[in-house]
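This report describes how the parts of one structure are arranged and where they touch. Please look at the structure first and then read on.

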Amino acid sequence: MEPGADTLHMYNTHSAAENLARSHLRRPRSMPDELAEKVLETIASSKRIARERVLLDSTLEDLGMDSLDQLNLLFALESDFNISIPDDEAKSIRTVREMVEGVRKLVAGDSGTASASVA
Amino acid sequence: MAPRRVAVTGLGVICALGNDVSSFWNALAAGRPGIARIESVDLTALRFQNGAEVRNYDPAQHFQPSQADLLDRFAQFALVASRQAVRDSGIEFTPELRQHTAVVTGSSVGGQSTQDAQFWEVYGRKSPRVHPLTIPRIMPNAGASHISMEFGITGPAFTVSTACASSNHAIGQAFWMVRSGAAELAIAGGSETPFSFGFLKAWEAMRVVAPDTCRPFSRDRRGLILGEGAGIVVLEPLERAQARGAPVHAEIVGFGMSADAGHITSPSSDGPARAMLGALQDGGLAAEAVGYINAHGTGTPNNDPTETRAIRQVFGAHSDKLAVSSTKSMHGHALGAASALEAAATVLALRNAMLPPTANFTTPDPECDLDVMPNQARPAEVEYALSNAFAFGGLNAVLAFRRA
């Protein structure tokens, strides 16, 4: 397939993922690993690669993510975690670990510059 | 038979810089942007807040209510600009000329505001019906159709849709038709009105719209600013224009097109370079003859360095003698109408011997190391100029102009 040819598909929101995000919101940050695991799953499903390929220390470049793949991922994360990821924060992210920590911050609603939004 | 020379004898413009050609030019020459907080859409749920909207526009001043009913805002703008252009050209249509006049318009998305409002009726308000004129208002060819009806033009008429290059593709087709004799006259350009909530949300999701303003080639650029409007040119053989004593604003001398065949949104430098080369070759121009380029210059992090490399690829050492500016810094990125506004800006720059600047510029970027004329217009008599347009989808179109 040509690069980018399939990347404007509408992402299928997984209701299980939404439930997970909500349950995480209810629990006082007791399951950070579960959140990280969910972010990794979202990355894998958004990029359509095996979950095992996605490591905390992977860079988005390592995973072969081009600019549109990254847009799709941000959309998927916003949908799954009910958050709004500001452009400037999104641009600074290079690794999976940074992505996990960014999502964690937004889910907890303690970001100085961004607020989690509930759709 | 030698190909005919093609003159621009009429100009019409409506955009954030003004609702006629003289106010448009005054703003360009002053380096005064028309970018401000968006007024036509509720911004509560939008990350970006600024745009380049047409102000002080009342449809009732231009259209009877029965005609306005048929017209989405983008088609209204197409008509407003084409009335100006036809009046400016002083052309008098005969039945014979009407049959041999072409209308070629560009639009990326057609009647967005109609589509947004009417789809909301069924999706949001659960209404069982939409307005019966929804289809004829949405269709991207509505501009061309209404122009043909307005002036009784019965020759070839069509619309080109190539995203941000639509108008250059449209004007290029019209230029070739007049040059070859396939048409005796052409009304060409484009119109766009992207300010509808759903469409703005789609741009927000692309994460390419600046939160502040449009700063092409400036190191602190943060993206494009959407704009709206229409630009229309009247084209005719130079001989005919001279014979009837018409004002010749400039000539179009070349047109080049190419496709990147690469990425759907990330630009290449090879494709744009080939389109610029194509325009030079089509016009029989040496690269060294060009003095000014009205750049695509969107102000996104990616476009401007890529365009800089493309210009250097084509012009080599002459790149450092070129004056380059992006007038999107003032009229915003009007998508399918952008290159029509820029064609008008380029024609006026040649005619008035004054090159419009790149506004909102603060800091040089080593990756955009051309003479981009920060913030100040420059008096200069330029013989030849290019106007660049490079679309999402990798479709590139470049026009070459000559001072009259």
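## Domains of chain B

In this predicted model, the C-alpha centres of domain 1 of chain B and domain 2 of chain B lie 20 Å apart. Domain 1 of chain B covers 6–243, and domain 2 covers 253–403.

## Where the two domains touch

Contacts between the domains of chain B involve 62 residues of domain 1 and 58 residues of domain 2. On the side of domain 1 that touches domain 2, at least two residues come from each of these elements of chain B: strand E1 (6–15), helix H1 (21–30), helix H8 (166–180), strand E6 (185–192) and strand E7 (229–237). Of the contributors to this side of domain 1, H8(B) gives the most, with 8 residues.

What is the make-up of the side of domain 1 of chain B that touches domain 2 of chain B, by nonpolar, polar and charged residues? This side has 33 nonpolar residues, 22 polar residues and 7 charged residues.

## Contact between chains B and A

Chain B also touches chain A: 8 residues of chain B are in contact with 8 residues of chain A. The side of chain B that touches chain A consists of 3 nonpolar, 3 polar and 2 charged residues.

## Confidence

Chain B has a mean pLDDT of 97, and 100% of the residues of chain B reach 70 or more. For the model, the ipTM is 0.78 and the pTM is 0.90.

Notes: Residues are numbered from 1 along each chain as its sequence is written. Chains are lettered from A and ligands numbered from 1 in the order in which they are written. This is a predicted model: local features need pLDDT of at least 70, side-chain atom pairs count only at pLDDT 80 or more; totals for chains, interfaces and linings use all residues. Domain bounds come from an automatic or database domain assignment. Two residues are in contact if their C-beta atoms, placed from the backbone, lie within 7 Å. Helices (H or I, at least four residues) and strands (E, at least two) are DSSP runs, numbered from the N terminus. Ala, Val, Leu, Ile, Met, Phe, Trp, Tyr, Cys and Pro count as nonpolar, Asp, Glu, Lys and Arg as charged, and the others, Gly among them, as polar. pLDDT is the predictor's confidence in each residue, from 0 to 100.
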